[in-house]
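Dear colleague,

Please find below the structure that I am handing over to you. My findings follow it, and I would be grateful if you read them with the model open.

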Amino acid sequence: MNDKVLLRHGDGGKHTNLLIKDIFYKHFHNDMLVNSQDASTFDWNYRRLAFTTDSFVVKPLEFPGGNIGKLAVCGTINDLVTAGAKPLYLSCGFIIEEGFDMKLIETIAESMGKICRKTGVKIITGDTKVVEKGSVDGVFINTSGIGEVQAGYQPKPIQEGDQIIITGGIAEHGTTIAVERYEIKVEGNIKSDCRPLNNIIEKLYTYLGSIKLMKDPTRGGLATALNEIVEISGKGIQLLEKALPISDEVKSINELLGLDPLYHACEGRMIIVVDKQKAEGVLGEIRRCKDCEDAAIIGSFVSSGPPKVVMRTVIGGRRIINTLEGDMLPRICGSVK
Amino acid sequence: MNKDLLTHLIDEVNSMVTEEIKIMEVCGTHTQMIAKLGLRTLLSSKIKLLSGPGCPVCVTEEKYIDCAIEILNKYNVTVTTFGDLMRVRGSMGSLLEAKGNGKDVRIIYSPLDLIEMAEKNRGKQFIFLGVGFETTAPIIALAIKTASERGIDNLYFLTSIKLMSPILHYILKESNNQIHGLICPGHVATIKGSDYFKFITKEYHVPAAVCGFQATDIVAGIYYLVKHITQNKEETFRNLYKRCVSPQGNITANLLIDEVFNISDGEWRGIGHIENSSLEVNEKYARYDASRIFVVESQQVIVSMGCDCKDILLGKKTPKECKLFMEGCSPMNPQGPCMVSTEGTCAIAYRYGEEV
Amino acid sequence: MCIAIPGEVIELFSHEARVKIIGVETTVNIQLIYNLKVGEHVLIHAGCAIEKINKSYYDDLLGIFESIVDGNVKKDE
């Protein structure tokens, strides 16, 4: 195999097949994929399906805790999880810039394969294109996913008193990316929280009847996701600052850079809105899952007042938390975002 | 931090207030911390916390941004900057937009990182946008001096460093006794010393306190000021940030500032021309001064017609009374510092639609 | 303006020091500080230590508050 991806690897013929066999089939291996058909087929038992798609164009391509491939597979699996679905099959499209490092493609594919084997999710179809230098920045990945909705789950109208749970520490992915992007020389236990969350949903099947909504706080962070929920539900949120799980590393790095953890992406966390009666039960189940020891109830819904996210600060004051507008940038001045 | 202690202190503050009190802070980080803590929701409505021109980026004149963009258009350079400056708009757009148009603009965390960057990329020319107050000035000075000592010939500095003391004099002269107390910026004081701010009390008879940035520090400052204002004690000045601030400040830092910079007049966005309010690179280090090396067409100083930031900063007017509020001035297209700063009076009014 | 945070010096070099902030470590320039020692605390702004922190004054401040609060509680009794 060459050490660089060349235009001919996208020719659709002999060289594309080499790339697909030597890298993608090798790492995504499953019985449905290696049939080399243009479309994969499977039987269905008429249960309700969830279907999602996402494209990943992020930089940097590699970061502590993962890479763009891992992000893609986990992101799509987690979107299915928010629909209460057991993730089953993924498609995967690669658009690769001519001259891209072949070893890195292999690293990316390997990570994706690992997550698939860990979760039982299969990549059963895909596409590979190689484009001229400058047409894309490195590599772009699209993943679509199909899952089977469990226990007849449906999002339900949110009511006053419904509790908001986060499944673990926030802002880890966004903070890790910021450190890489701005080349901040810090050392500590900081890595992306990128992980698949289907194991959590498996533990919660019996509670699905009391779960109103699930959302993963990716781009724009917890603040943006909560604002989106407020907009859908028409109800306000009361958030408790002291209940938010934030690691010391995340706190320190963001103070150094002048960034706000509330707006950093999380790639391995779920927001779960649940009926007040069942909240403690759900929290208990989540906390028993790996890496979810810091899961917490961070707030609740209210119907009085304008529909906004209002946070009770550590000193008992109140402040409104808005949606992120534009990317957060590091700064030396406290008052510019 | 002891929440009960703070709650007690805030209760004490509220019980002392009878008439309206206006306390101003002049530091973007104080502005942000006050907002972050939700302090205004805990204090009596009679206490008005005013946000002064304490954000160096927010008071950077459009001309400066235009100059940086002109340099990018005219010369083959890499412009490096603090993240703060990326979205601030001049008349030709922002640096973020320039970057989107293919210009080489990079965000850096420290100007000292540029030394290595310039050494490793001899083929490129780097310009650093040195914006800040007295806190950042010695660091920019250190970067310039280090570049000189190492003979680095591909690094330049376009500075817009502003000084706190002249703007405070201006505000206090203009304030017509509208400001009853002043929270002094703790990190400027770390460099310049607490004595640097004593004039506030000596010349203008306004109680002032040098404060740090934790909840305890800010509440302490407000407690101290409210106590002395309500007891009509004018001659009160206190350094409440002694753990970082000495009377004379950081001597090494000040020597560096004197070695590299001269004092000159400055243009403050939304306010205008203030004498001796700026630092510029002096003759000794002229070869590092981007404004001398990368000549562009002289930029017109834009004075926003109708921008009332001057009066809004002083609490004399509300945002809604400004002609431009929401009519040509918005967070996407801000005119003066009150809108540029996300915690500025106008930006907050715009976001929450409240009278501030 | 001027976001600055405290850190503890854990290692000294000629122009730089390794500092520990809660949970992480980083390297900062120390040319603005005179006579720095390991174990001391510094205030960090834009990659540079801008002053030493004298922790005793922090305890001092807390002490003042506690006495204000206690003093007032006593008044109410």
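**Domains of chain B**

In this predicted model, 5 residues of domain 2 of chain B are in contact with 9 residues of domain 3 of chain B. On the domain 2 side, the touching residues comprise 2 nonpolar, 1 polar and 2 charged. The C-alpha centres of these two domains are 27 Å apart. Chain B as a whole is divided into domain 1 (3-52 + 165-239), domain 2 (62-164 + 249-293) and domain 3 (309-352).

**Helix 7 of chain B**

Which residues of helix 7 of chain B are buried? Helix 7 spans residues 164-174, and its buried residues are Met164(B), Ile167(B), Leu168(B), Ile171(B) and Leu172(B). Viewed down the helix axis, these buried residues fall within an arc of 130°, so they line one face of the helix. They pack against strand 7 (181-185), helix 8 (186-192), helix 9 (199-204), strand 10 (261-268), strand 11 (272-281) and helix 13 (309-313) of chain B. After helix 7 of chain B comes Asn176(B), which has a positive phi, near 55°.

**Where chain C touches chain B**

Between the two chains, 27 residues of chain C are in contact with 35 residues of chain B. On the chain C side, the elements giving two or more residues are strand 4 (41-45), strand 5 (48-53) and helix 1 (55-76). Helix 1 of chain C gives the most, with 10 residues. By class, this side of chain C has 17 nonpolar, 6 polar and 4 charged residues.

Yours sincerely

Methods: Residues numbered from 1 in each chain as written. Chains lettered and ligands numbered in written order. Predicted model: local features only at pLDDT ≥ 70, side-chain atom pairs only at ≥ 80, totals over all residues. Contact = placed C-beta atoms within 7 Å. Helix = DSSP H or I, 4+ residues; strand = E, 2+ residues; numbered from the N terminus. Nonpolar A, V, L, I, M, F, W, Y, C, P; charged D, E, K, R; others polar. Domains from an automatic or database assignment. Buried ≥ 20, exposed ≤ 12 C-beta atoms within 10 Å, placed from the backbone. Arc of directions from axis to C-beta.
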